[in-house]
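Please look over the model below before reading the note. The points are numbered so that each can be checked against the coordinates.

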Amino acid sequence: MNVFWKVFTSLIQREIRLAIRHGADSMMVVMFFVLVVVLFPLGVGPEPGILTRISAGVIWVAALLSAMLSMDRLFQTDFEDGSLDLLILTPQPLELLVLAKTIAHWLTTGLPLIIISPLLALLLNMETSGYGVLLAALALGTPTLSLIGTIGAALILGARRSGFLLSLLILPLFIPTLIFGVSAVDAALIDLPSKPQLLVLGGLLLASFALCPWASAAALRQAAE
Amino acid sequence: MAEFTGNNLTCIRGERVVFAKLTFAIGEGEVLYLRGPNGSGKSTLLRLMAGLLRPVGGQILWNGESTLENAKTYRDLLHYIGHQDAIKTVLTVEENLTFWAEMSGVDPAKRSVGEALENFSLSHLASLPARFLSSGQRKRLNLARICASPAPLWLLDEPANSLDKASVGVLRSAITAHQEKGGLVAVATHEELSPESNVLNISEFTNNMKAPKENVA
């Protein structure tokens with residue numbers, strides 16, 4: 001168990017170190033998130049009423065797209081430089097390594113999105129009563145997006161035009177997270193309890209936590225053949 | 001007493017039979033050379049030995065036990081050097097090597113990252129980001145990985161490519177030292193890396209164009 005833990009943490013450390021030294025990658029995801037949200041007032045007009053009404057949906061859709069944008073490099077570089085072969089050949093279960101990479105991915109892309117989201121909620125004139133729930137919903141939802149995304153990222157290895165393929169594969173799987181994430185915030189904005197939606201988001205997180213590493217690991221083994 | 005054998009291995013890639021009924025055996029302290037022209041399946045056989053590919057027929061055995069059924073314990077025993085060097089260019093030379101030594105799960109006391117860097121004369125580059133390495137230095141860093149954490153079976157795919165004479169000498173002595181400790185090596189190379197050698201000529205098992213020989217049928 002101790003060895004598992006050691007390997008797990010050293011993989012997370014390496015991934016975070018790589019993300020920091022490639023700092024632009026994480027920054028780009030955050031910038032993309034901000035830009036997409038900023039485009040909406042320009043498109044639908046600046047009336048505060050409309051922006052308030054659509055704020056939760058816009059932030060969630062933008063978060064979904066940004067999460068996806070960062071996803072296609074998740075295994076691609078390891079696949080190209082041969083690291084993936086060696087990861088598969090380590091004595092530790094590949095599922096565990098996938099989980100470590102997912103956690104590192106969330107820490108370097110999902111977490112910055114959560115941190116910046118209150119600012120964007122402010123830009124979209126969201127009622128302050130929604131902020132807490134928005135943060136909670138994103139905190140439960142973005143790890144789910146990262147977990148589901150690993151399956152797509154593993155399946156597209158070796159494919160041409162992989163970025164487009166990735167969106168076709170995983171965007172439909174993001175829909176449940178999107179629905180409950182938005183409705184949690186909307187409920188809070190009209191003073192209804194948002195606990196049921198948050199519980200569903202938690203359930204989705206646990207289910208993908210249990211299933212996604214296995215599916216991704218199977219796809220990775222296939223890619224290495 | 002370690003023994004690594006393959007029985008009647010058949011491998012099909014993209015609807016083409018790469019080799020059929022291939023049999024090999026490596027005993028303790030032995031080196032097996034894989035020879036054959038380009039494209040004859042040397043790399044494929046090494047990937048098969050590593051467990052990255054599955055044979056269509058036949059089995060690979062470690063001490064008489066199937067490596068696929070005991071994949072977890074088997075992967076503890078091997079080092080694989082492929083064509084790609086698995087180096088992250090933004091990490092330093094030492095960070096790259098230390099990472100793979102940690103991933104092997106070997107007890108830190110048994111690792112020898114510093115010594116491996118020393119052997120492959122990379123010590124003075126230890127804190128340099130790997131993107132500044134030449135292709136020969138990258139190869140050396142990749143090879144240092146097999147010395148940084150111990151494992152009885154080495155599978156080396158063209159390890160001497162882009163190495164200079166001195167580095168080939170280092171590789172040769174690393175292999176000799178490994179043999180003396182009872183290690184096993186399977187290597188695809190055009191260089192002579194140790195004096196006495198078992199040679200497996202893969203083209204004997206490929207049936208493209210040539211008529212099959214008796215031992216294949």
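The points below go through the domains, sheets, core and chain contact in turn.

1. On the source: this is a predicted model, in which local features need pLDDT of at least 70 and side-chain atom pairs count only at pLDDT 80 or more, while totals for chains, interfaces and linings use all residues. Residues are numbered from 1 along each chain as its sequence is written, and chains are lettered from A and ligands numbered from 1 in the order in which they are written.

2. Domains of chain B. The assignment gives domain 1 (1–77 + 152–217) and domain 2 (86–150); such bounds come from an automatic or database domain assignment. Their C-alpha centres lie 24 Å apart. Between them, 10 residues of domain 1 are in contact with 9 residues of domain 2, contact being C-beta atoms, placed from the backbone, within 7 Å. Helix α6 (residues 165–180) of chain B supplies the largest share of the domain 1 side, 4 residues. That side has 6 nonpolar, 3 polar and 1 charged residues. Here Ala, Val, Leu, Ile, Met, Phe, Trp, Tyr, Cys and Pro count as nonpolar, Asp, Glu, Lys and Arg as charged, and the others, Gly among them, as polar.

3. The parallel sheet of chain B. Helices (H or I, at least four residues) and strands (E, at least two) are DSSP runs, numbered from the N terminus. Five strands of chain B form an open sheet with parallel pairing, in the order β6-β7-β8-β3-β9; strands pair if DSSP finds at least two bridges between them. The edges are β6 and β9 (198–201), each pairing on one side only. From one strand to the next the twist averages 15°. Strand β3 (residues 31–35) and β9(B) share 4 bridges in the parallel sense, and B:Leu34 stands opposite B:Leu200 in β9(B).

4. Strand β6(B). How many bridges join β6(B) to β7(B)? There are 4, and the two strands run parallel. B:Ile81 has B:Leu156 of β7(B) as its bridge partner. Both faces of β6(B) are covered, with B:Leu78 and B:Tyr80 buried on one side and B:His79 and B:Ile81 buried on the other. A residue is buried if 20 or more other C-beta atoms lie within 10 Å of its own, exposed if 12 or fewer, and partly exposed in between, with C-beta atoms placed from the backbone. Helix α5 (residues 135–148) of chain B lies across β6 and β7 (153–157), at about 175° to β6(B). Axes are lines fitted to C-alpha atoms, for helices over the stretch in contact, and angles run from 0 to 180 degrees between N-to-C directions.

5. The antiparallel sheet of chain B. Four strands form an open sheet in the order β2-β1-β4-β5, paired antiparallel. Its edge strands are β2 (16–27) and β5. β4(B) and β5(B) pair over 2 bridges, with B:Trp62 opposite B:Glu65 in β5(B). Helix α1 (residues 42–50) of chain B lies across β1 (3–13), β2 and β4, running at about 120° to β1(B).

6. Positive phi values. B:Asn63, in the loop between β4 (57–62) and β5 (65–66) of chain B, has phi near 50° although it is not a glycine. B:Asn63 is partly exposed, with 13 other C-beta atoms within 10 Å. B:Ser121 has a positive phi of about 40° and is not a glycine either; B:Ser121 sits in the loop between α4 (113–119) and α5 of chain B. B:Ser121 counts as partly exposed because it has 14 C-beta neighbours inside 10 Å.

7. Nonpolar core. In soluble globular proteins, nonpolar side chains tend to be buried together. The largest nonpolar core has 125 residues, and those with the most contacts inside it are A:Ile59, A:Ala137, B:Leu97, B:Ala144 and B:Leu155. Such a core is a set of buried Ala, Val, Leu, Ile, Met, Phe, Trp, Tyr and Cys residues joined through C-beta atoms within 7 Å. Helix α7 (residues 131–155) of chain A gives the most, 13 residues. The core also draws at least three residues from each of domain 1 and domain 2 of chain B. Leaving aside neighbours within four places in sequence, B:Ala144 is in contact with B:Leu97, B:Ala116, B:Leu117, B:Phe120 and B:Leu122.

8. Contact between the chains. This takes 22 residues from chain B and 21 residues from chain A. On the chain B side, the elements giving two or more residues are α2 (71–75), β6 (78–81) and α3 (93–103). The largest share, 4 residues, comes from α3(B). By class, this side has 12 nonpolar, 4 polar and 6 charged residues.

Methods. Contact = placed C-beta atoms within 7 Å.
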